[in-house]
Amino acid sequence: MNARHGLLALAAILAGFAGPARADAPDAKDGKDAKAGGPYVVIVGAGAYQDKAINPRPTADADAKALYDLVTDGKHLGVPANRAKLFL
């Protein structure tokens, strides 16, 4: 399986968990949005490895950035940026 297929599989998994994986909503009396919740997303782009047996993935950073843009885009999953973290 190449890196693109792996990223597509990860996106599908994230989409499947987008509904049930959410944080508890804060109390409405604290003045914050009672509709809080939704998914937390962590995306890791690792293209270089210390283990020489693992081939480098030169597009891993760009692929991770593209996936981050996809999940935080309101047209797609619309995950708020404060609930998504990108590690490169």
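**Rings, charges and a helix face**

User: Hi! How many aromatic pairs does a search of the whole structure find?
Analyst: Zero aromatic pairs turn up in the whole structure. To pair, rings of Phe, Tyr and Trp (its six-membered ring) need centres within 6.5 Å; planes under 30 degrees apart count as stacked, over 60 as edge-to-face and the rest as tilted. This is a predicted model, where local features need pLDDT of at least 70, side-chain atom pairs count only at pLDDT 80 or more, and totals for chains, interfaces and linings use all residues. Residues are numbered from 1 along each chain as its sequence is written, and side-chain values use heavy atoms, with hydrogens and water left out.

User: OK, and which ring does the charged end of Arg 83 sit over?
Analyst: That of Tyr 40, 4.3 Å from the ring centre. The rule is NZ of Lys or CZ of Arg within 6 Å of the ring centre and within 35 degrees of the ring normal. Lys 85 lies over the face of Phe 87, at 5.5 Å from its ring centre.

User: Switching to H2: which residues are buried there?
Analyst: Ala 60, Asp 63, Ala 64, Leu 67, Tyr 68 and Val 71. They are on the same side of H2, because they cover an arc of only 140 degrees around the axis, taken from the directions from the helix axis to the C-beta atoms. Buried means under 20% relative accessible area, exposed over 50%, partly exposed in between (1.4 Å probe, protein chains only).

User: And where is Pro 39?
Analyst: In the loop between helix H1 (3–17) and strand E1 (41–44). Helices (H or I, at least four residues) and strands (E, at least two) are DSSP runs, numbered from the N terminus. Pro 39 counts as buried because its relative accessibility is 18%.
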